[in-house]
Amino acid sequence: QVHLVESGGGLVQAGGSLRLSCAASGNFFSLNTMGWYRQAPGKQRGLVATITSSGTINSEDSVKGRFIISRDKNTVYLQMNSLKPEDTAVYYCAFSQFGRTVWGQGTQVTVSS
């Protein structure tokens with residue numbers, strides 16, 4: 001049983017930066033995966049980046065070199081740099097363990113031209 005609390009997000013101009021955070025609480029094993037997905041208007045939810053409890057990272061090509069995912073115990077962060085208008089979306093935190101995924105409530109990121 002896991003509860004996720006997201007913070008961060010907001011409005012930023014192209015080229016700017018934002019930092020998202022997501023804290024997981026509850027009872028769960030140490031081995032898990034946390035990460036970020038995003039959903040733009042009219043599009044399906046897609047991968048941004050994930051990181052396992054051992055530090056293995058998987059990320060979508062369009063964010064490589066711009067976004068940095070990291071975690072501190074059961075809190076995952078997403079440092080977003082060089083933001084582009086196409087990054088505009090609702091960003092969802094995710095926690096996965098034993099094939100089960102729990103989702104955060106989402107936080108809006110809007111990047112203006």
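**Note on the predicted model**

1. The charged end of R45 sits over the ring of Y92, at 4.2 Å from the ring centre. R45 also has its charged end over the ring of W103, there 4.3 Å from the centre. The coordinates discussed in this note come from a predicted model.

2. Three aromatic pairs are found in a search of the whole structure. In one of them, the ring centres of Y37 and W103 lie 5.2 Å apart with the planes at 75°, so the arrangement is edge-to-face. Because Y37 belongs to strand β4 and W103 to strand β10 (residues 100-103), this pair ties together parts that are 66 residues apart in sequence. Y37 is partly exposed, at 23% relative accessibility; W103 is also partly exposed, with a relative accessible area of 33%.

3. Turning to the strands, β1, β3, β8 and β7 form, in that order, an open sheet of four strands with antiparallel pairing. The edges are taken by β1 (2-7) and β7 (67-72); each has a single partner strand, so one side of each is left without a neighbour in the sheet. From one strand to the next, the twist averages 15°.

4. The partner of β1 deserves a separate remark. Strand β3 (residues 18-26) runs antiparallel to β1, and six bridges join the two. Across this pairing, E6 stands opposite C22 in β3.

5. The largest nonpolar core comprises 26 residues, and W36, L78, M80 and Y91 are those with the most contacts inside it. Two or more residues each are given to this core by β1, β3, β4 (33-39), β5 (46-52), β7, β8 (75-80), β9 (89-97) and β11 (107-112). In soluble globular proteins, nonpolar side chains tend to be buried together.

6. L78 illustrates how parts of the chain meet. Setting aside residues up to four places away in sequence, L78 touches L18, R19, L20, W36, V48, F67, I68, I69 and Y91.

7. The C-alpha atoms of V109 and G10 are 5.0 Å apart in space, although the two residues are separated by 99 residues in sequence. Beyond its neighbours within four places in sequence, V109 is in contact with G9, G10, L18, L20, M80, D87, T88, A89 and Y91.

Definitions and conventions: Residues numbered from 1 in each chain as written. Predicted model: local features only at pLDDT ≥ 70, side-chain atom pairs only at ≥ 80, totals over all residues. Heavy atoms only, no water. Pairing = 2+ DSSP bridges. Axes fitted to C-alpha atoms, helices over the stretch in contact; angles between N-to-C directions. Core = buried A, V, L, I, M, F, W, Y, C linked by side-chain atoms within 4.5 Å. Buried < 20%, exposed > 50% of the residue type's maximum accessible area, 1.4 Å probe, protein only. Contact = heavy atoms within 4.5 Å. Phe/Tyr/Trp six-rings, centres within 6.5 Å; stacked < 30°, edge-to-face > 60°. Lys NZ or Arg CZ within 6 Å of the ring centre and 35° of its normal.
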